Amino acid sequence: MAARRTAVLGTVLTLLSAPALTACSGSSEDDVRAAAQAFLDAWSGGDAGAAAAATTDPDAAGALLEQTATDLPGATLGAELGAVTVEDGTATAAWTATWDLDAAPDWTYDATLELREGDGDGADAWQVIAEPTVVHPELGEGQHLLLTRALPERAAVTDAAGTPLFAPTEVVNVGVDTGQVTDLPTLASALSAATGVAAEEITADVQAAPPGQFVPVIALRRPAFEAIRAQVFDLPGAVFPTETRLLPPSTGFASALLGRVGAATAEVLEETTTDGVAAYAGGDQLGLSGLQRAFQEQLTGTPGFTVSVLSDDESTGDAGRQVAAVDPVAGRPIQTPLVRALQDAADGAVATQPLATHLVVVRPGTGEILAVSSNGAAAAGNALTGQYPPGSSMKTITATALLSTGGLTPDTPVACPGTTVVEGREFENQDQFDLGTVPFTEAFAESCNTTFIQAGLQLPDDALAAAAASYGVGSDWQLPVDVFSGSVPADSTGTTKAANTIGQGQVLMSPVQLALVAAGVASGTPAAPVEVVGGDPAGPAPAGPDQAVLDQLRPLMRQVVLTGTAEALADRGEVYGKTGTAEYGSNTPPDAHGWFMGYQLAGPQGDIAFAVLVEGGGSSSVAVAVTDAFLGALG
C-alpha cells in the first residue's frame, strides 16, 4: 500500500508545474473569486472530479484529492473564501478550511490557493494551480497527511458510594471452529447441554458459516465457563478464545436502568474499535440502552487528534511533522443511587423464582431508585416500563381515597361477604371467604375485595384517580430511562369502577411506580423518581395525601404483615405492606400475577420501600416469598 501511494504521489508531484500563461487585460478580481469559489464548492461538495477539472492538472489534482480523502477518512470539508489578490496573470485566494472529522473535533486552518490565468473568458480563464499546498500550506512534494485520534478514557457509571459499576472483566467466548468439526450433531448436542443454547440453533449457524470461520455460541465470564469447562473443553471443533469486556458486577445487574452490554457494545465501550471511531457513535448505533445510552455523549467525552505530514518515501526517515493537535477531553461520570447491598439482595431474591420476577427498591422521601432487579426469565425493562394490573396492592390507594372522605376510619365496622354483585356481575373474595362484619383494619389486612368494592362505589368517580395522583401515579416523569407512572382512570363507572377499586378493570401499574407509592406512604412526602444523583428533576414532587390520612393508613399496612396476608414477613423487622393478586387474560380460571408492595423502617439499609411482581405467579404468596428472601438477605 505504501509503495502504491508513493507511486501515485510521485506522479502527482511531478505534474504540478506548468508554463505560465500570459494574462488577459480583461481579467478581474471577480473572475478569480468565481474560479476559486467553484473549485472549493466542488471539493467541499464531494465532487473531487469537478474540483480537479478546475485546476492546471486534473490528473495530478484528482490523485491529490483522492489521497486526502484516504488520509482523512469520513471527513467532510467546509470552505470559506477570503481575500483575493490578482497580479500579472496570477492570483492568490485566501480561504479557511474546516474539516468535520469523523469521531473527532473540527480541524480548522487558513490556507491559500494559487491561480493562473489561461485561455477562455471570465472565470473560465482562471485555474487553480495543482500543487500539494491546495490541501494544506505545509504539505510538500512526496508528502501526505496522517490523522491520529486520541481517545479519552470513558467515564464511569458509579453506584451511590461512587464506586464504578463497570469494570474490565475476562470473558470466554464459547464457539465452534467450522474447520475442526468432526461430528456436528454430537458437538451441537453437547454444547447445548452445557450452555442452554438450542442445539438446532448451533447446528444452523455452523452450517451457514464458511470453513474455518469462528461461530460464537455464548460468551461467559470466567467463573461461569469454568463451571462447564469439563463438559466442553475436549469437544472436537469447540474453541474458547478469551477477551476483556467492560461489564457490571454480575450478569443482569440493574440492567433495566444501566442497560445490558453485549459483545459489540462492550468492545466500543473499551475503545478497542479501529481508530476509536465506533466508540463515539450514537447510542442507537451502538445498540446501547439504559443510562449508558442516555449519557453516551457525557460518558465518552471528546476525542482529540493530531495531524502530521509524512513523507511517502520511507527511506527519508521522516517520522512526521505535526501540523495540528487537539487534546482529548475526558468524559464526565454519572452517579446512580444504586446500593450494591440492596441490588445484590434483590438479584438473589428474584433468582429464587422460575417465573418472570421483578423487584424495585426506592428511598422514601427522595425517590432515589436503589435497586432494580429482574431474573433471567423476565424482560428486564418491564421493572420500569411494564404495565400490569396491580390487583389488591391497589387497595393502598383505594384506602387513601376512602380515608380521605372522613366517613371511614380503621375502626369502622364494614361488611365482608364472600361475594357481591354489581350491575349483574358477581365479584368475590379469594375462595369466597366471608368475614361477616369486621373493623376496616381487618378487612384491609385480609384483603377483602367485597368490602372495597361496596365502599369504593360510594366514592366520586374521580376519587381513585385523585388519590393515585397524590402519590405521583399518572405523572409525566422526564427521566433518562423511561418509566411507566401508572394509569388510573377518572371516569369509570359501574362494574369497571368496582374492578378498579381492587386493582383490576382499567388500572395499570409498573413495579417501580408501585414502589414509589409505598415510599410516599412511608415518608409522608411522595417524591419524583431519581435515576441519577444530581440530575435534572423528573418533575414536581406529588402533593401527597393529608398526613392525617397517612397516619391512619400506615397501621393498616402494618397489620397486613402482623396478622394478615403477608404474615410470613412478621419477623423481618418493622415492615408494612399490601399483597396483591391480579387476574389477567381469558383463561378459566384466569391467570394471575402475584404482587407485594411495602416498606421497611430502620432496617439494615435504613428506610426502604419496594415492590415485587411475579408474573403469572397465581397469588400474592409467591411475591411475599420473594420479599422474604430479599429482606432476609439484608440481615
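**Exercise 1.** Find the helix that holds T68, then decide: is T68 buried or exposed?

*Solution.* Start with the position: T68 sits in helix α4, which spans residues 58-71. Helices here are DSSP runs of H or I with at least four residues, strands are E runs with at least two, and both are numbered from the N terminus. Next, look at accessibility: T68 counts as buried because its relative accessibility is 3%. Buried means under 20% relative accessible area, exposed over 50%, and partly exposed in between, with a 1.4 Å probe and protein chains only. Finally, leaving aside neighbours within four places in sequence, T68 touches W99 and V135; contact means heavy atoms within 4.5 Å.

A word on the model: it is predicted, so local features need pLDDT of at least 70, side-chain atom pairs count only at pLDDT 80 or more, and totals for chains, interfaces and linings use all residues. Residues are numbered from 1 along each chain as its sequence is written, and side-chain values use heavy atoms, without hydrogens and water.

**Exercise 2.** Work out the strand order of the open sheet of 5 strands, and name its edge strands.

*Solution.* Read across the sheet: the order is β15-β14-β22-β21-β20, with antiparallel pairing. Two strands pair if DSSP finds at least two bridges between them. The edges are β15 (369-374) and β20 (574-584), each pairing on one side only.

**Exercise 3.** How many bridges join β21 to β22, and what is the partner of Q600 in β22?

*Solution.* Count first: 8 bridges join β21 (residues 591-603) to the antiparallel β22 (residues 606-614). Then locate Q600: its bridge partner in β22 is I608.
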